[in-house]
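Subject: Handover of a structure, with notes

Dear colleague,

Here is the structure I promised to pass on to you, and my notes follow directly below it. Please read them alongside the coordinates.

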Amino acid sequence: MKRRVRASAPAKVILFGEHFVVFGKRALATAVNRRLVVEVSEKDGNGRSGKGGYHIKIENIPTFGLEVDLFRGEKGEKGEEGEEGGRGEALPYKDYGEATKAIAYVKESIKYLEESYGINREGGGVEIEIKSEIPLSAGLGSSAATCVATVAALKEFFGWGVGGGEGDLEADLETDLEAVREDAHRVELAVQGAASPVDTAISTYGGSVLVEQGEVKRLRLAGLTGLNLLVGCVGCLPLSRGTSDFGLKTKKIVEQVKARKETFKRIFDSLLEASEETTAEAVAALRERNFVRLGALMNINHGLLDAIGVVPRRLSELAKVSQELGALGAKVTGAGGLDEMGGVGSVLVLPGAVGRGKIKTAMEIAGALVLDVKTGGEGLKIEEKFDYNS
Ligand code: MEV
């Protein structure tokens, strides 16, 4: 009998306030209906050397797939379990080559959970399979979804799971979810050096969040459930760059914005205030389900992002062509991009009643990967299964 734990977490889009949130201003973000699934199970045959280990298989994250074995300890080191086995202590994972950079978040989750919760797989190997509908480097929170789903699946597998307490189940669930969110945020921080709490909060809880004065508040907004949007992603980084580079991209852009803010202090003060007001008005527009007003505010948000220098030519083109073809609003979403880094990034488009198809085609002609997304939806989901045949 084989035990499997499956956890899935949603992607997110930032609707308003990215970058400005770094300086304490409001931001509004929501989950979207694209998910990343992590499945943890006991490993058949216990690995390459017949011993324990973490075998990680990443399938179909849009644009790549890879498979890699991780063993604790250095190659050839004698552990209690043999040649390449672990010694029951957390060792840094290193020297696994360029390919494993792409699983930086999974490795860090394992390391973090070993150190913080004492999980280990001395009883045998563990298989970790990842399937994703969330493209990398698209500003859709793929790294947060990876952290949340990996942490949750491993915690559940090793008995630190959600809903494991003996008291009030709902209260337990809430506490355990909050622990997953916090753990996942720490893992993301450890990999990237900087990460806002927004992405991991959405991947954990789903729905929408408003960040106000640095505090992440879960929020229900009439207009933000089931809203159909388009996301156009361009210039995906080649896989050989590894996920750490995706994290670094955001870090580099955020640093550049900070430097520009130092140079143009008073201008930035006005831009920050304008963004604060734009997000507040957007929340009001969503309460009233006034999508024409919402779209106009998205266009203003895009202009503010351009003013702080995070709109490379290719993203500018996608936003402009969408606006021209009748989109109610079109804006860069997430960190944006830099021309010198290939203009990698995404735009978020609110199409009007007509013209959606034309906008999609125009963005595709401009070289974008275009995704239809629906806002809102469930956060982390965990299920456990037993295969009686294996
Ligand atoms: C990146 O998705 C959003 C930024 O605002 C950075 C952050 O909030 O950590 C650019």
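A crossing of two helices is called left-handed if the near helix is turned anticlockwise from the far one by less than a right angle, and right-handed if it is turned clockwise. Helices (H or I, at least four residues) and strands (E, at least two) are DSSP runs, numbered from the N terminus.

This is a predicted model, in which local features need pLDDT of at least 70 and side-chain atom pairs count only at pLDDT 80 or more, while totals for chains, interfaces and linings use all residues. Residues are numbered from 1 along each chain as its sequence is written, and side-chain values use heavy atoms, with hydrogens and water left out.

The chain as a whole

The secondary structure comes to 9 helices and 12 strands. Of the 390 residues, 55% count as buried, where buried means under 20% relative accessible area, exposed over 50%, and partly exposed in between (1.4 Å probe, protein chains only). Taking contact to mean heavy atoms within 4.5 Å, residues 24 or more positions apart account for 76% of the contacts in the chain with a separation of 6 or more.

Helix packing

Two packed helices are described by the angle between their axes and the distance between the axes. The axes are lines fitted to C-alpha atoms, for helices over the stretch in contact, and the angles run from 0 to 180 degrees between N-to-C directions. Angles under 35 degrees count as roughly parallel, over 145 as roughly antiparallel, 65 to 115 as roughly perpendicular, and the rest as oblique. For the make-up of each contact, Ala, Val, Leu, Ile, Met, Phe, Trp, Tyr, Cys and Pro count as nonpolar, Asp, Glu, Lys and Arg as charged, and the others, Gly among them, as polar.

Helix α2 (residues 142-157) and helix α4 (residues 197-205) have axes that come within 8 Å and cross at roughly 50°, and the two are therefore oblique to each other. The crossing in which α2 passes α4 is right-handed. On the α2 side the contact is made by Ala144, Ala145 and Val148, and on the α4 side by Asp199, Thr200, Ser203 and Thr204, a set that divides into 3 nonpolar, 3 polar and 1 charged.

Helix α2 also packs against α1 (residues 104-117), at an angle of about 40° and with the axes 9 Å apart, so that α1 and α2 are likewise oblique to each other. Here α1 passes α2 in a right-handed crossing. Tyr105, Val106, Ser109, Ile110, Leu113 and Tyr117 of α1 meet a set of α2 residues that includes Cys147, Val151 and Leu154, and the residues of this contact divide into 8 nonpolar, 4 polar and 1 charged.

For α6 and α7 the angle is about 160°, with the axes 9 Å apart, and these helices are therefore roughly antiparallel to each other. In this pair α6 passes α7 in a left-handed crossing. Among the residues making the contact are Leu271, Ala274 and Leu286 of α6, together with Phe291, Leu294 and Leu297 of α7, and the contact divides into 11 nonpolar, 3 polar and 2 charged residues.

Individual residues

Arg289, in the loop between α6 (265-287) and α7 (291-307), has a phi near 55°, a positive value in a residue other than glycine, and it is partly exposed, with a relative accessible area of 47%. His19 also has a positive phi, of about 70°, although it is not a glycine; His19 lies in the loop between β1 and β2 (27-42) and is buried, with a relative accessible area of 6%.

Arg4 is found in strand β1 (residues 2-16) and is buried at a relative accessible area of 16%. Its side chain makes a polar contact with the side chain of Glu39 (2.7 Å), a polar contact being a pair of N or O atoms within 3.5 Å, of which, within protein, one must be able to donate a hydrogen and the other to accept it, with residues adjacent in sequence counting only if both atoms are side-chain atoms.

Tyr388, in the segment after β12 (381-387), is exposed, with a relative accessible area of 62%. Tyr388 and Lys2 are 386 residues apart in sequence and 6.6 Å apart in space, C-alpha to C-alpha.
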